[in-house]
Amino acid sequence: MKKIIEQTRVSVLLYAFFSLAFIAAVLLPGPCLGEPRAMSVDLPVIMSADGNTLYNAGKPVALIADPNPDRVRISIPAREKSSIELSAMASFQITYLAEGEEDLWGEPCYDFPDNARTALDRAAEIWGTLISSDVPITIRACWFRDEGDTLGYAGGQPRHRNFSGAPKPDTWYVGALANSMAGTDLAPSEHDMHIAMNSNFDWYLGTDGNPPSYEHDFVTIMLHEIAHGLGFTGSVSYSSQDGTAGWGFGTDNPRIYDTFMRDGNGKRLTDTSVYPNPSAGLADLVTSGNLWWHGSHAMSANGGQRVMMYAPAAWSSGSSYSHLDYDTFRGTENRLMVYAASAGDGNHNPGPVTMGILKDMGWNTGKDQKPGKATQISPSGTISTSQPTYAWRTVSDATYYHLWANDSTGNRINRWYTSEDANCTAGGNCSLKPSVTLASGSGSWWVRTYNDAGFGPWSNGLDFRVDTGESPPGKATQISPKGTISTSQPTYTWRTVSDAAYYHLWANDSTGNRINRWYTSEDANCTAGGNCSVKPSVTLAAGSGSWWVRTWNSAGYGLWSNGLDFRVDTGESPPGKATQISPKGTISTSQPTYTWRTVSDATYYHLWANDSTGNRINRWYTSEDANCTAGGNCSLKPSVTLASGSGSWWVRTYNDAGFGPWSDGLDFRVGTGDTSAPVLLSPENGSRLDSIAPLFRWYTDDASSGEWLILELAEDREFERMVTSLYTSKISGEDEFRFALNLDPDRTYWWRARVEIGEEEYGPYSESWSFTTSTGGILPSSPRLTSPADGSKVHSWPVRLEWSSVAGAEEYAVFISEDDESGSHMLNYTEETYHEPFLLEPNTKYKWWIQARNEYGFSEPSATWYFTTPATSSSKEATHIERLRFTLKKDDTLITVIE
């Protein structure tokens with residue numbers, strides 16, 4: 001179990017299967033990437049005569065092309081020009097440099113294309129609806145060329161301190177922010193920001209936020225760069241020569257951005273008693289992966305939690321310190337301000353965390369009230385059309401609506417509409433009719449609201465049933481491939497189904513799924529009364545495989561075919577298993593050499609290594625790259641620094657015939673230092689609570705060895721009368737958990753924690769703290785379950801559990817258990833009145849119940865209802881599990897908690 005569930009927040013290892021052509025494309029060497037001149041030029045820092053304005057201070061901040069482009073993205077609505085003009089709170093003036101001119105850092109510029117100017121103007125207009133300033137914001141824009149991975153960069157803005165209207169003395173503010181506070185242009189001869197965009201990339205220059213997958217959205221990138229010009233950047237500089245870092249541009253005054261930065265213990269980056277300026281300690285902090293923004297507005301937008309900032313182990317000039325943490329925010333609504341951007345990603349909203357950071361620094365961001373919940377009208381019940389009109393009550397302060405509709409086959413509509421597109425009338429209704437044909441059978445739909453302040457709640461949802469009198473097509477009968485075949489690119493043939501308009505071909509080989517594609521009847525070469533036949537250019541691996549076909553027409557999906565099995569035998573075989581040699585056991589280096597026995601017929605090796613923080617190496621190597629010798633060993637030393645503590649590594653082989661098995665795995669431990677005890681945070685020692693269901697918070701040192709933490713709760717200081725305990729993956733830094741049970745009122749309890757280092761090996765206990773529960777209070781009412789009906793069969797994924805809202809409830813505990821005698825169950829917390837569990841088996845009977853929690857404690861459990869999952873597996877596989885915890889309760893019931 002411990003090799004599968006890691007202590008990081010990505011807990012499931014997903015092994016992707018690639019064709020040889022893809023692997024070769026990844027592994028073949030490419031051109032050496034350069035960087036723009038601006039990233040290496042140090043301009044002379046100039047201070048004004050009065051000492052309150054700095055020019056040329058700090059390097060520009062860069063945005064690069066994402067090396068790990070998102071496969072699933074959140075769509076943020078693009079803003080319509082009409083709404084921008086109506087809600088502008090700030091204006092921008094942009095100077096475009098001509099061909100032959102140079103930017104501030106001497107980078108040669110070329111003529112800025114007209115459609116790129118239009119896109120930049122649109123990005124500026126969007127920011128004009130989000131921030132307020134009576135002083136025009138000026139931009140100097142350059143269109144440059146570079147062969148590297150830099151999409152663009154921004155910087156060069158003047159910095160001001162001690163001006164009229166400055167909220168904090170002796171603190172530097174960027175020009176645009178200082179001007180807005182002072183109400184006048186403090187440096188009228190200077191531009192507020194300098195922005196350069198790399199012409200060598202494939203740009204999408206439209207303004208609708210819908211770029212193709214191979215082009216970067218210009219408006220999105222410009223929104224990112226303008227955010228840096230508005231102050232989303234700090235003053236920390238890093239010296240690789242002496243390993244120190246400092247802030248303040250050589251002065252003793254920080255930038256306003258710097259003042260919100262803290263370490264994992266809550267110590268301020270600008271506290272010189274902790275981190276002298278400059279110092280090696282400061283350099284360690286900004287490369288620690290443990291750097292946090294502590295501003296009330298940003299934390300509120302982040303669910304009340306501090307905001308993790310980008311502080312990778314290797315300082316990256318132009319990226320480190322001045323972006324949100326990549327792993328935390330990539331792929332979320334706050335992804336605009338991570339250090340890298342994906343092609344095909346149109347994101348025209350900075351996200352609530354970025355807006356919170358700007359507001360923390362002093363920007364007036366205007367609207368603060370999120371819109372309310374939409375009330376749905378129709379469709380509802382049985383409908384006779386497969387293209388219904390969706391109608392709901394207008395929400396007065398909503399500017400966008402997100403329509404989500406499922407039919408009997410799954411999700412069919414997932415799209416944002418402006419209030420104008422949805423034909424919303426003041427005090428009336430919104431109504432629209434998408435050109436999407438729903439399949440026959442049961443469905444549901446929802447609406448979510450949005451405005452500049454953020455997302456409103458989802459509506460409650462309405463169920464409907466499509467009954468048009470038509471029927472889905474019948475089942476396809478497969479012909480070939482079947483049995484042993486001698487080709488790795490077979491032709492797939494099946495009987496034509498007369499009323500099928502489309503066919504879904506699904507084929508697995510010995511490595512997993514290889515073909516998952518829809519064909520029209522024409523594309524599949526179907527003949528009336530005859531056969532359909534296709535030959536995809538997909539090479540199957542040697543070994544056993546299976547394939548299926550599913551039919552479809554406007555009435556819905558037909559059944560999957562029965563399936564046919566085959567075996568690819570081309571005379572070749574996949575390679576054998578690799579035998580690992582080292583690293584193994586305790587090692588004294590954080591950059592070990594990985595050695596294993598050469599596998600004679602392997603042409604590629606996949607190296608996977610985890611340290612105490614999670615996965616660190618996931619890369620393919622050719623046998624030459626791995627320095628493999630015939631009859632000897634393979635050996636390589638990646639330039640990846642492992643964290644102290646326990647780790648494991650594996651190797652997988654590959655050749656033209658397919659994938660070999662993973663090696664058995666070897667465990668190691670980096671360093672020999674002692675594991676420190678966790679630090680308890682709350683409930684504080686000796687405190688009296690207002691609740692009988694407290695939230696436990698603690699801190700674990702980054703350097704602590706071990707992967708697991710044990711939290712114990714007892715009725716006595718000797719911990720002989722245990723109440724419950726938590727066995728959880730260890731997270732470096734702060735962590736928290738709430739047991740789903742009520743303690744006795746007006747009673748004293750004790751709690752403590754320690755880290756498990758290995759089998760039956762533990763670190764020291766924390767201090768033992770006591771607290772006393774509330775003397776009394778009112779518990780919430782029990783929720784009333786509403787859907788799915790008790791004892792019902794659910795026919796489509798996802799399973800959606802729904803219950804009634806309980807007055808005063810802050811969250812709900814959702815319990816799900818298989819209908820067996822084990823007593824084990826899953827627990828999930830949510831603030832919504834619905835939950836869609838994803839770790840469910842098909843065609844399985846489950847029981848579920850809910851408890852509401854208010855500030856005092858948990859309600860009595862609701863009634864227990866039963867449901868049976870759909871017969872086939874969900875097509876929506878979980879790409880990762882945020883976190884698994886295990887807690888052993890007083891009655892010895894095992895609970896799996898999923899976060």
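A total of 17 salt bridges is found in this structure, a salt bridge being a side-chain nitrogen of Lys or Arg within 4 Å of a carboxyl oxygen of Asp or Glu. The structure is a predicted model, in which local features need pLDDT of at least 70 and side-chain atom pairs count only at pLDDT 80 or more, while totals for chains, interfaces and linings use all residues. Residues are numbered from 1 along each chain as its sequence is written, and side-chain values use heavy atoms, with hydrogens and water left out.

Several of these pairs are worth a visit in turn. As background, side chains of opposite charge can pair when their charged atoms come close. An α-helix has 3.6 residues a turn, so residues three or four places apart point the same way. Accessibility is described here in three classes: buried means under 20% relative accessible area, exposed over 50%, and partly exposed in between (1.4 Å probe, protein chains only). Glu125 is partly exposed at 25% relative accessibility, whereas Arg122, with a relative accessible area of 11%, is buried.

A second salt bridge brings together the side chains of Asp664 and Lys577 (3.0 Å, N to O). Asp664 is in the loop between β43 (658-662) and β44 (666-670), and Lys577 is in the loop between β35 (564-568) and β36 (580-582), so this pair ties together parts that are 87 residues apart in sequence. Asp664 is exposed, at 58% relative accessibility, and Lys577 is partly exposed, with a relative accessible area of 40%.

Glu810 and Arg853 also meet through their side chains in a salt bridge (3.3 Å, N to O). Here Glu810 comes from the loop between β56 (801-803) and β57 (811-818), and Arg853 from strand β60 (residues 845-853), so the pair ties together parts that are 43 residues apart in sequence. The relative accessible area of Glu810 is 40%, which makes this residue partly exposed; that of Arg853 is 7%, which places this residue among the buried ones.

Attention now turns to the cysteines. The count of disulfides comes to four, where a disulfide is a pair of cysteine sulfur atoms within 2.5 Å. Counting bonded cysteines along the chain, the pattern is 1-2, 3-4, 5-6, 7-8. One of the disulfides joins Cys109 to Cys142, with an S to S distance of 2.1 Å. This pair links distant parts of the chain, with Cys109 in the loop between β4 (92-96) and α3 (114-128) and Cys142 in strand β5 (residues 137-144), 33 residues apart. The link of Cys109 and Cys142 is left-handed, with -115° about the S-S bond, and both cysteines are buried.

Another disulfide connects Cys526 with Cys532 (S to S 2.0 Å). The torsion about its S-S bond is about 115°, so the link of Cys526 and Cys532 is right-handed. Cys532 is buried, at a relative accessible area of 0%. The sulfur atoms of Cys628 and Cys634 are likewise joined, 2.0 Å apart, in a right-handed link with 115° about the S-S bond. Of this pair, Cys628 is partly exposed, with a relative accessible area of 21%, and Cys634 is buried, with a relative accessible area of 0%.

The interior can be approached through helix α5. This helix (residues 218-229) has 12 residues and reaches 17 Å from its first C-alpha to its last, close to the 16 Å expected, the expected span being 1.5 Å times one less than the number of residues. In α5, 12 of the 12 residues are buried, so the helix is largely enclosed by the rest of the structure. Just after α5, Gly231 takes a positive phi of about 125°.

The largest nonpolar core has 79 residues, and those with the most contacts inside it include Phe218, Ile226 and Leu324. Such a core is a set of buried Ala, Val, Leu, Ile, Met, Phe, Trp, Tyr and Cys residues joined through side-chain atoms within 4.5 Å. Beyond its neighbours within four places in sequence, Leu324 is in contact (heavy atoms within 4.5 Å) with residues including Phe232, Met309, Phe329 and Ile357.

Key: Helices (H or I, at least four residues) and strands (E, at least two) are DSSP runs, numbered from the N terminus.
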